[in-house]
Amino acid sequence: MKVLVINCGSSSLKYQLMDMDNNNRIAKGLVERIGLPGALLTHKPKDGEKEVIVAELPNHAAAIKLVLETVVDPDYGVVKSLSEIDAVGHRVLHGGEKVSGSVLIDDEVKQAIEDCIELGPLHNPANLAGIEACERMMPGIRQVAVFDTAFHQTMPPEAYLYGIPYELYEKYKIRRYGFHGTSHKYVSQRAAAMLGKRIEKLRLISCHLGNGSSLAAIKHGKSIETSMGFTPLEGLMMGTRSGDLDPTIVSFIMKKENLSGEQINDFLNKKCGVLGLSGVSSDFRDLQKAAEEGNYRAQLALDVFVHDVKKYVGAYSAALDGVDAIIFTAGLGENSPEMRKNICNTLSYLGVSIDDEKNQAARGEEVDISMWGAKCRVLVIPTDEELMIALDTKEIVSQL
Ligand code: ADP
């Protein structure tokens, strides 16, 4: 079975064609600058050369059309005809409260995605446009939606409700949703496989640390707490996002700096986090370099980040009544031994103890970096959201 995975962002589109008979990637690609001058598609077949195509792409439908033309192109395509593709799996940001798992797309699902546009204004419209374009251009091919929020729908009310009048939750659905669900689900399943234990027996803390970062407490395979909330702004301080704040700070800054609602939103999402605190960069590699060179604010930003992770791990080990393993994933979690070490050094009280050599060596592959016999295991697991989307798509389509 071949599954095309589509991930539409606000102005970009990532795709992968997967052979689900062996979970192999046949090709992957990225379309950038959709709706902007200078749009381009970069296509990479598994064993072939990278191909860059410059095109005029006014919208996501045009981008999908170009992707489909590319995968069947006689020179650099990877299938002879679109009929070789059995199903399409779409990443969708927000499913609100109506969706707790991956689903076959029908009118009701599309309506649910549309109903959540207010909650995911940048992504849900793009996700919907991608789905509708595929429906038009690949008639009869089944499509599945895999939601970033779905994995966290198992959280109990005490974890997802905020301290605001219940009526506002009922009226506007203001609650914690959580994001990165596909990643947290994937790495938790891989962790169980690595540990050789059934996931139903495990208490896991998954640390997805990248540009956007979130932690999830996963009890017996189900998310029971996560650090992102109503939007992906809450939780840890991130590359450019503030993370947790006293809510009063928002109106205080608005007044002092004369900012509108939209401006403060933009500010908190794009100008804060380690970028704002350090004044150096949102990229942790730049911060680590600057800190080594003696930049005080860069070091401060790194220290606050480590402290944030430590705090959340502490809270989540309490929520889980103990923790069997901590997982590091995403750009920073997978690639920065230094960050992992700094975080793990604060967690010895949980029985965390890592092997320096294994930690240094772990990049881009699944490794248990714990010391032999450590009570709480520490695992580095490269996330693979596309594979998870393809696996869910295969499972749903196979049952039809
Ligand atoms: P996104 O949230 O955009 O998907 P990624 O998961 O790709 O982000 O993570 C990107 C971030 O990972 C970069 O901003 C960078 O800070 C961090 N990163 C990647 N490689 C390294 C590395 N070798 N050392 C430290 N940080 C890294």
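These questions and answers test the labels used for this predicted model.

Local features need pLDDT of at least 70, side-chain atom pairs count only at pLDDT 80 or more, and totals for chains, interfaces and linings use all residues. Residues are numbered from 1 along each chain as its sequence is written, and side-chain values use heavy atoms, with hydrogens and water left out.

Me: Which residues of helix 6 and helix 15 make the contact?
Reply: Contact means heavy atoms within 4.5 Å. T182, S183, K185, Y186 and Q189 of helix 6 meet E385, L387, M388, I389 and D392 of helix 15.

Me: What makes Y312 and Y316 an edge-to-face pair?
Reply: Their centres lie 5.6 Å apart, with 70 degrees between the planes. Rings of Phe, Tyr and Trp (its six-membered ring) pair if their centres lie within 6.5 Å; planes under 30 degrees apart are stacked, over 60 edge-to-face and the rest tilted. Both tyrosines, Y312 and Y316, lie in helix 11, four residues apart.

Me: How do you know whether Y312 and Y316 are buried or exposed?
Reply: Buried means under 20% relative accessible area, exposed over 50%, partly exposed in between (1.4 Å probe, protein chains only). Y312 has 13%, so Y312 is buried. Y316 has 3%, so Y316 is buried.

Note on methods: Helix = DSSP H or I, 4+ residues; strand = E, 2+ residues; numbered from the N terminus.
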